Each structure stands twice: as structure tokens, then as C-alpha cells.
Amino acid sequence: MGSLSLRRREPGSERSSHLFLAKPARQQEEPVFHDSILSLDPPQHTQLRSIVNRSFSPALLREWEPRIRTIAKDLLSQTPPVFDLIRDFAYPLPVTVIADMMGVPSKDQAMFRQWVDRLFMMENDPTNIRFADETKPDERERIRNVQLEMKQYFRDIVHARKQRPQNDLISLLIDSHSRGQISEEEILSICFLLLLAGHITTTNLIGNAVYSLAEDPETYRRLQEDYGNIPLFVEEVLRYHSPVRFVTRTVARDVRLSGEILHAGDTVVAWIASANRDEQVFDRPDRFIADRKPNPHLAFGKGIHFCLGAPLARMEAHIAMQALLSHWNRKEQIQVEEARPVKTIFLNGYEKLTIAS
Ligand code: HEM
């Protein structure tokens, strides 16, 4: 239990928003990106989410399935027996997919990874719940510079798509813009959110899944025997090694919760990773049970902000596991040679995971 923790608002700080678009405390400058889906309340949230949601319909996702299989197979066809699973597979797979869906060139993915690394550069204080210590001007500057670069990058693509629309998400957003449903600033904020949310999380899910298989040869064998076991296994990875560790909320009015008084303006950190080990919900919560059922984990959040990309993330993870198992089909087991965890408390996964088979 104990999945809530509380941060007192510092005097003069802004109302907090979500981690992906966290506003600096004592912020003087205009924020680079406007509030996006993640940090909005209804009715704006409902309207924006319904526009973006059109690109993630089950029918559209089905169309993407063969393309994702091809990307997975191509990536694995180039790997030696010992390889860094993150660099060579778990990172490029989801980033290529989300870039293609949005209509941004996936050849720019080295730059996307660099942006992510700069945004989540938390070596000095990995427990910070925001991108960086926003009370420090140089930290604020670092975040702002990355965001400005990203904004300019998306602005150029949006302008190009205005001239020549394509069959992609950015063109669809521009279409909604021309019908007055969404502003250009909102389009840029959505691009920022989707490019980040659309890949770093899934990279961690795939990495954590492979780590679990290396740790548990019996589960590895059962999955090799029957790929039908993959979906329940992936759900257990989501529960046990939750790729996103927490979500934050701003208290709207004073309220008492579990004996604590929460004041309007406080930031509440709701720990997904803790809720997913809740002994009142899960039998033997600290055991990885590959065929756990039911498995009502909260890895994708809950309520109106429930992860919009959950069906895509699940599909990518299922395809990734099938491709990997088939790649290793003659191997008795796989082994982790080196595992270097990501350096932020927000995400749970590996920045390097060397696998030998
Ligand atoms: C394993 C992979 C993923 C995990 C664990 C994950 C986790 C989450 C969580 C916990 C939230 C809720 C945030 C909150 O309540 O404050 C969320 C929201 C969101 N996610 Fe994901 N996500 C994943 C993959 C994706 C993908 C692939 C996409 C995009 C294609 C995506 C797009 C979004 C968006 C747009 C929201 C905001 C929804 C809203 O505010 O209405 N996510 N995600």
C-alpha cells in the first residue's frame, strides 16, 4: 500500500502540471509548449483527446501490424549473437513506429534519443519528480533549449505538411486546424507529447520483458513452446516492472485522504509502481507470475488520462516478443551480460541491456 506521496507547493511556484510538460517553479518565461492532453482538464482535454484518438483507432492499428512485424524482423536480422537489446531493438522499434505514424522522419531517431537523454538527465538527482531541478536557472535553461529545438523541428514539419498533406497524424491534425478545432500551438504540444510518450515507455517495456525472460528460464521455455502465452506475460511485466513509476496530480481543493490533509495546489505523486504491488489487490504481489489472471494493474494509468497509446504499446510488445523468441528459437535460454538502469525515477527500465544467446 502507500502509493500516494505528497510534495508541498513552494511559495510562488506555479500550479504543477504533468511530468511530460512540467512547468518550472518560479517560472518567469512563457512556457515553450502549451498545456497538452496530459495536463488539461475537461472540456479542453475531451476535445483534444478525441481529435488525437482518431489516429489510434483499432482499425488503423490493425493496418500497422504488418509494418511493425517487418520493422522488428529487419532490426533482428542485423544483430550479432551478443547485442545491446535497447540500442539495437527496443529503442528503434517503437521510435520508428511512432515517427512513421506521426509523419516525422524516423532517420532522425538519433536526435530524438539525444533529446530524451537531455530531458531526463537526472544523474545529479534521480529522485526529482520533474525533468530537472527547476529552481536552478541552468537546469531550466537545459530543458528550455531542448524544448525550443523540438518545437522548431515540429514547426518545420507542420509547415511542410500544410503544403503537401500526407497520410499521417500531423496532416490529420492540420486538417482539424483548418476546421478551427485545434490551434497550431496545440498541434506542436501534441507532437512533443506523442513523440516522447510514444516510444521511451515502450522501449522500457520491451527491455523489462526480455530481462524477465533471462531471469526466468522456465517462463522463457513456456513462451518458446507457445506464443499464445505472450499477452499474459506482457501484462505481468507491466505490473511487476511498471515502465512508468508514477503520475502526478494537482489538488483542486482542500481534502482529507487517508488521514492526510491535501491542500489546494499541492502536487500529489501517485505511485503506480507501488499500487501494482498492492497486497489487497494482488495475490503474492512480489512474485512475478507470468500467467497471472486477473491482472488489474495500473501501468497505463486510470481515469480520463488513461494511456491513449496502450493498444499500440501492447501490440508492439506482443510483436517484439514474438520476433525475439523466433530469433532465439534454437537457444535453450538467454543471458544478461550487462544491465544499466535508466537514470530517472520516473521511468523503470534499462538504457543498456546486453543479451547473449
Ligand atoms: C508501455 C508503454 C506505455 C506506458 C507504460 C504508458 C503509460 C502511461 C500512463 C501511466 C499514462 C497516464 C498519465 C497520467 O494519468 O497522468 C499515459 C498517458 C498517455 N500516454 Fe502512454 N504509456 C505507454 C505508451 C504510450 C504510447 C505508445 C503512446 C502514443 C502513441 C502513449 C501516449 C500517451 C498519451 C497521449 C497519454 C495522455 C492521455 C491523456 O492525458 O488523455 N503512451 N501513458
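This is a predicted model: local features need pLDDT of at least 70, side-chain atom pairs count only at pLDDT 80 or more; totals for chains, interfaces and linings use all residues.
Helix H2 (residues 58–77) and helix H13 cross at roughly 35 degrees, and their axes come within 9 Å. The crossing of H2 and H13 is right-handed.

Which residues of H2 and H13 make the contact? From H2 come Leu61, Trp64, Glu65, Ile68, Arg69, Ala72 and Leu76. H13 brings Pro311, Leu312, Met315, Glu316, Ile319, Gln322, Ala323, Leu324 and His327. Sorted by class, the contact has eleven nonpolar residues, two polar ones and three charged ones.

## The protein as a whole

Now take a step back. The protein's secondary structure consists of 13 helices and eight strands. It has 357 residues, and 50% of them count as buried.

Among contacts with a separation of 6 or more, 71% are between residues 24 or more positions apart.

## A mostly covered helix

Have a look at helix H11 (residues 230–240), where eight of the eleven residues are buried. They are Ile230, Phe233, Val234, Glu235, Glu236, Val237, Leu238 and Arg239. What do the buried residues of H11 pack against? Their partners are helix H9 (200–215), helix H10 (217–225) and H13.

## The iron atom and its donor

The ligand contains an iron atom, and the protein gives this iron a single donor: the SG atom of Cys307, 2.3 Å away. To find Cys307, follow the loop that runs between helix H12 (272–275) and helix H13 (310–327).

One runs from Pro42 to Pro43, with omega near 5 degrees, and Pro43 lies in the loop between strand E1 (4–7) and helix H1 (44–53). Another runs from Lys293 to Pro294, with omega near 0 degrees. Pro294 belongs to the loop between H12 and H13.

Positive phi angles turn up at Ser258 and Arg284, neither of which is a glycine. For Ser258, phi is about 45 degrees, and the residue sits in the loop between strand E4 (255–257) and strand E5 (260–262). Is Ser258 buried or exposed? Its relative accessibility is 74%, so Ser258 counts as exposed. For Arg284, phi is about 40 degrees. Arg284 is in the loop between H12 and H13, and with a relative accessible area of 42% Arg284 is partly exposed.

How values were computed. Residues are numbered from 1 along each chain as its sequence is written. Side-chain values use heavy atoms; hydrogens and water are left out. Donors are N, O and S atoms within 2.8 Å of the metal (3.2 Å for Na, K and Ca); water is not among the atoms, so sites may look incomplete. Helices (H or I, at least four residues) and strands (E, at least two) are DSSP runs, numbered from the N terminus. Buried means under 20% relative accessible area, exposed over 50%, partly exposed in between (1.4 Å probe, protein chains only). Contact means heavy atoms within 4.5 Å. Axes are lines fitted to C-alpha atoms, for helices over the stretch in contact, and angles run from 0 to 180 degrees between N-to-C directions. A crossing is left-handed if the near helix is turned anticlockwise from the far one by less than a right angle, and right-handed if clockwise. Ala, Val, Leu, Ile, Met, Phe, Trp, Tyr, Cys and Pro count as nonpolar, Asp, Glu, Lys and Arg as charged, and the others, Gly among them, as polar.
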